[in-house]
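Here's a quick tour of one model, with a look at its ligand site, its charged pairs and its surface. Have the coordinates open while you read.

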Amino acid sequence: MHFLSQVLEDYLVSHSQEEPKILEELTRETHLKVIQPRMLTGQFQGRVLSLLSKIINPRYILEIGTYTGYSAICLSEGLQSNGQLHTIDINPELFDMQRAYFDKSGFGEQIHQHVGDALDIIPSLDHTFDLVFIDAEKKKYDNYLEAVLPKTKSGSVILSDNVLQSR
Ligand SMILES: C[S@@+](CC[C@H](N)C(=O)[O-])C[C@H]1O[C@@H](n2cnc3c(N)ncnc32)[C@H](O)[C@@H]1O
């Protein structure tokens with residue numbers, strides 16, 4: 001479902017930072033090779049994620065729902081130089097494509113992929129996250145939130161994608 005009209009979306013894109021080339025390439029390859037490309041973070045949303053991450057300048061980021069890696073790369077743009085982004089996806093078939101783009105993005109060494117159900121993996125993560133991005137199965141958002149709260153601290157920011165979708 002599109003919440004923004006095409007005219008508004010075009011306006012936002014044309015008045016926002018240009019999309020990095022690697023993300024254009026990732027979007028194209030996702031549309032060519034991966035099912036459900038509508039799951040991709042869009043260009044404008046990606047620039048907003050990048051901006052928020054740069055403002056927060058997190059040491060540790062957690063992402064639930066990697067898909068082909070678009071939002072993980074956007075969020076990594078704001079990481080501290082010694083920071084890490086941990087991203088979880090239940091679909092093992094996406095792992096190699098994610099890794100190829102993470103390495104190409106220059107953030108490869110800072111991005112840690114986890115394969116499995118986020119609800120099983122989150123309790124095993126040993127960090128306190130400054131920024132969390134929830135973008136997996138919409139009906140489990142309450143469960144993801146409960147799972148991540150013990151891994152955050154006062155001042156941590158939790159972003160949720162499409163909270164009004166599929167409810
Ligand atoms: C909307 S896509 C994520 C889009 C991605 N953040 C991006 O920007 O391109 C949702 C992803 O969540 C994954 N997923 C669904 N349920 C999950 C779960 N329980 N644990 C981890 N990943 C899950 C799916 O395999 C899918 O790749």
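Does K33 count as buried or exposed? K33 counts as exposed because its relative accessibility is 61% (buried is under 20% relative accessible area, exposed over 50%, partly exposed in between, with a 1.4 Å probe and protein chains only).

Some ground rules. This is a predicted model, where local features need pLDDT of at least 70 and side-chain atom pairs count only at pLDDT 80 or more, while totals for chains, interfaces and linings use all residues. Residues are numbered from 1 along each chain as its sequence is written, and side-chain values use heavy atoms, with hydrogens and water left out.

**Charged pairs**

There are 11 salt bridges in the structure (a side-chain nitrogen of Lys or Arg within 4 Å of a carboxyl oxygen of Asp or Glu).

| Pair | Distance |
|---|---|
| E29 and K33 | 3.0 Å |
| E77 and K54 | 3.7 Å |
| K138 and D135 | 3.1 Å |

E29 and K33 sit four residues apart in helix α2, about one turn of the helix (helices are DSSP runs of H or I, at least four residues; strands are runs of E, at least two; both are numbered from the N terminus). E29 counts as partly exposed because its relative accessibility is 22%.

**Inside helix α2**

T30 is also in helix α2 (residues 21–33), and it counts as buried at 0% relative accessibility. Its side chain has a polar contact of 3.0 Å with the side chain of T68 (N or O atoms within 3.5 Å; within protein, one must be able to donate a hydrogen and the other to accept it, and residues adjacent in sequence count only if both atoms are side-chain atoms). The T30 side chain also reaches the backbone oxygen of L26 at 2.7 Å.

**Around the ligand**

The ligand has 21 residues around it, and T41, G65, S71, D89 and D135 come nearest (near means a heavy atom within 4 Å). A polar side-chain atom of S71 is 2.7 Å from a ligand oxygen, and a polar backbone atom of A118 is 2.9 Å from a ligand nitrogen. The protein covers 92% of the 600 Å² of accessible area that the ligand has on its own (Shrake-Rupley method, 1.4 Å probe; for residues, only the protein chains shown count as cover).
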